[in-house]
Amino acid sequence: MRIPIDVYYDEDIHRIAVIGDESIDAEVYLLDAEGIIVFHSASLNTNYTFSTPGTYTIQIQGDGWYAEGEIEV
């Protein structure tokens, strides 16, 4: 399955943007290195500005699928 979702990180302002088609029903979670949820969005298209450096996991969950990646900020 291929779902067109883009995740961008702007290093200058420490912001991550998750962008996808408005018809995609998915939630976005951001977890810190300990696995604690530090951000949640009930919609796919969202932004988050990091306040603490470290390694984070981005999870995008839809009905019957999920995507996951790590980012170092």
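What is the volume of the largest cavity? I come back to that below, after some bookkeeping.

**Ground rules**

I am working from a predicted model, where local features need pLDDT of at least 70 and side-chain atom pairs count only at pLDDT 80 or more, while totals for chains, interfaces and linings use all residues. Residues are numbered from 1 along each chain as its sequence is written, and side-chain values use heavy atoms, with hydrogens and water left out.

**Entry: the cavity**

A cavity here is a set of points on a 1 Å grid over the protein atoms alone where a 1.4 Å probe fits but cannot get out, and lining residues have an atom within 4 Å of a point. Grid points are joined across faces, edges and corners, and a volume is the space filled by probe spheres set on the points. By that rule I get 1 cavity of 30 Å³ or more. The largest cavity comes out at about 40 Å³. I find it lined by Ile 16, Val 18, Val 28, Tyr 29, Leu 30, Phe 39, Thr 46, Tyr 48 and Ile 58. β2, β3 and β5 each give two or more residues to that lining, and β3 gives the most, with 3 residues.

For the labels: strands are DSSP runs of E, at least two residues long, numbered from the N terminus.

**Entry: the three-stranded sheet**

I traced an open sheet of 3 strands in the order β1-β2-β5, with antiparallel pairing. Two strands pair if DSSP finds at least two bridges between them. The edges are β1 (5-10) and β5 (46-49), each pairing on one side only. The twist averages 15° from one strand to the next, with axes taken as lines fitted to C-alpha atoms and angles running from 0 to 180 degrees between N-to-C directions.

β1 is joined to β2 (residues 15-20) by 6 bridges. I checked one of the pairs: Val 7 has Val 18 in β2 as its bridge partner.

His 14 sits in the loop between β1 and β2. Its phi is near 55°, a positive value in a residue other than glycine. Most residues other than glycine have a negative phi, so I made a note of that.

Over in strand β5 I looked up Thr 46. It counts as buried because its relative accessibility is 13%. Leaving aside neighbours within four places in sequence, Thr 46 is in contact (heavy atoms within 4.5 Å) with Ile 16, Ala 17, Val 18, Val 28, Phe 39 and Ser 41.

**Entry: the four-stranded sheet**

The other open sheet I followed has 4 strands in the order β4-β3-β6-β7, with antiparallel pairing. Its edge strands are β4 (37-41) and β7 (65-72). β3 (residues 26-31) pairs with β4 over 4 bridges, and Leu 30 has Phe 39 as its bridge partner there. On to β6: 6 bridges join β3 to it, with Leu 31 opposite Thr 57.

Why do I call β6 largely enclosed by the rest of the structure? Because 6 of its 8 residues are buried.

β6 and β7 pair over 8 bridges. Their hairpin has 2 residues between the strands, and Gly 64 takes a positive phi near 85° in it.

Gly 69 lies in β7 and is the bridge partner of Ile 58. Gly 69 counts as partly exposed because its relative accessibility is 30%. Not counting residues up to four places away in sequence, Gly 69 touches Tyr 56, Thr 57 and Ile 58. I also noted that its C-alpha atom is separated by 6.8 Å from that of Gln 59, 10 residues apart along the chain.

**Entry: the core**

Last, the nonpolar core, meaning a set of buried Ala, Val, Leu, Ile, Met, Phe, Trp, Tyr and Cys residues joined through side-chain atoms within 4.5 Å. The largest one has 16 residues, and Leu 30, Leu 44, Phe 50, Ile 60 and Ile 71 have the most contacts inside it. β2, β3, β6 (55-62) and β7 each give two or more residues to this core.

I picked out Phe 50. Beyond its neighbours within four places in sequence, Phe 50 is in contact with Tyr 9, His 14, Ile 16, Leu 30, Tyr 56, Ile 71 and Val 73.

Note on methods:
Buried means under 20% relative accessible area, exposed over 50%, partly exposed in between (1.4 Å probe, protein chains only). On a 1 Å grid over the protein atoms alone, a cavity is a set of points where a 1.4 Å probe fits but cannot get out, and a pocket is an open set with protein on both sides within 12 Å along at least five of seven lines; lining residues have an atom within 4 Å of a point.
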